[in-house]
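Good morning. Please look at the model on the screen while I go through it.

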Amino acid sequence: MNSSENIIIEKASPEDTAELLRFLKAIGGETDNLTFGAEGLPVSPDEERELLASLETSETSAMFTAKKSGKIVGNAHFTGMTRERLKHRGTIGISVLKSEWGQGIGTMLMEAVIDFARNTAHAEIISLEVKSDNVRAIKLYERFGFEKIGYFKGFLKINGKYADFELMNLYFPQESELP
């Protein structure tokens, strides 16, 4: 889809299952910015493969990978709502290996996921949650037009301590056009 230097951004496929699960464990162990730790997500390889297969043809949800030399170094997903009263919106998540921070991979993933959300899923509102002290991520989201809409005190509990999160939205059409 996109490439900059040696980074390739593409939709995830079932063939990415093992590498994606490895990546998720790696990023979970590097930062407390995620909803999981070094254990990764609680899914089996078969469950992850099935999810990736279902996303290949979905027009409401997608997952993207950032690959460097064939290894996943970042991912992003958009999950669109499917109920009639909710299908104008969806949520995104994004993560990049710490060793790759500051290399533009987050920007490339955001471009891909927002393009999908807007032009394929036809989302009008994209939502996300971000740890309040994750200044780098907040700046990235603000660069793409996300606005802080709220604050969730105690969103996560990590090692017995609460972590607060910012709630952010990106609007299509722009907020002035919303009812």
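This is a predicted model: local features need pLDDT of at least 70, side-chain atom pairs count only at pLDDT 80 or more; totals for chains, interfaces and linings use all residues.

Residues are numbered from 1 along each chain as its sequence is written, and side-chain values use heavy atoms, with hydrogens and water left out.

The chain has 4 helices and 8 strands. Here helices (H or I, at least four residues) and strands (E, at least two) are DSSP runs, numbered from the N terminus. Along the sequence their order is β-β-α-α-β-β-β-α-β-α-β-β. The radius of gyration, taken over C-alpha atoms, is 16 Å, close to the 16 Å that the globule rule gives for 179 residues, so the chain is as compact as a globular protein of that length. That rule is 2.2 Å times the number of residues to the power 0.38. Of the 179 residues, 44% are buried; buried means under 20% relative accessible area, exposed over 50%, partly exposed in between, with a 1.4 Å probe and protein chains only.

Now to β6, residues 125-131. Of its 7 residues, 6 are buried. Which strands does β6 pair with? Two strands pair if DSSP finds at least two bridges between them. β5 runs parallel to β6, with 3 bridges, and arginine 89 stands opposite isoleucine 125. β8, residues 161-171, is antiparallel to β6 over 7 bridges, and there isoleucine 126 has leucine 170 as its bridge partner.

Next, the loops. Most residues other than glycine have a negative phi. Histidine 122, in the loop between α3 and β6, has a positive phi, near 55 degrees. Histidine 122 is exposed, at 54% relative accessible area. Asparagine 159, in the loop between β7 and β8, has a positive phi too, near 50 degrees, and is exposed at 76%.

Last, the largest pocket. A pocket is an open set of points on a 1 Å grid over the protein atoms alone, where a 1.4 Å probe fits, with protein on both sides within 12 Å along at least five of seven lines; lining residues have an atom within 4 Å of a point. How many residues line the largest pocket? There are 46, and Leu34, Gly93, Ile94, Ser95 and Tyr141 lie nearest its centre. Among the elements that each supply at least two lining residues are β5 and β6.
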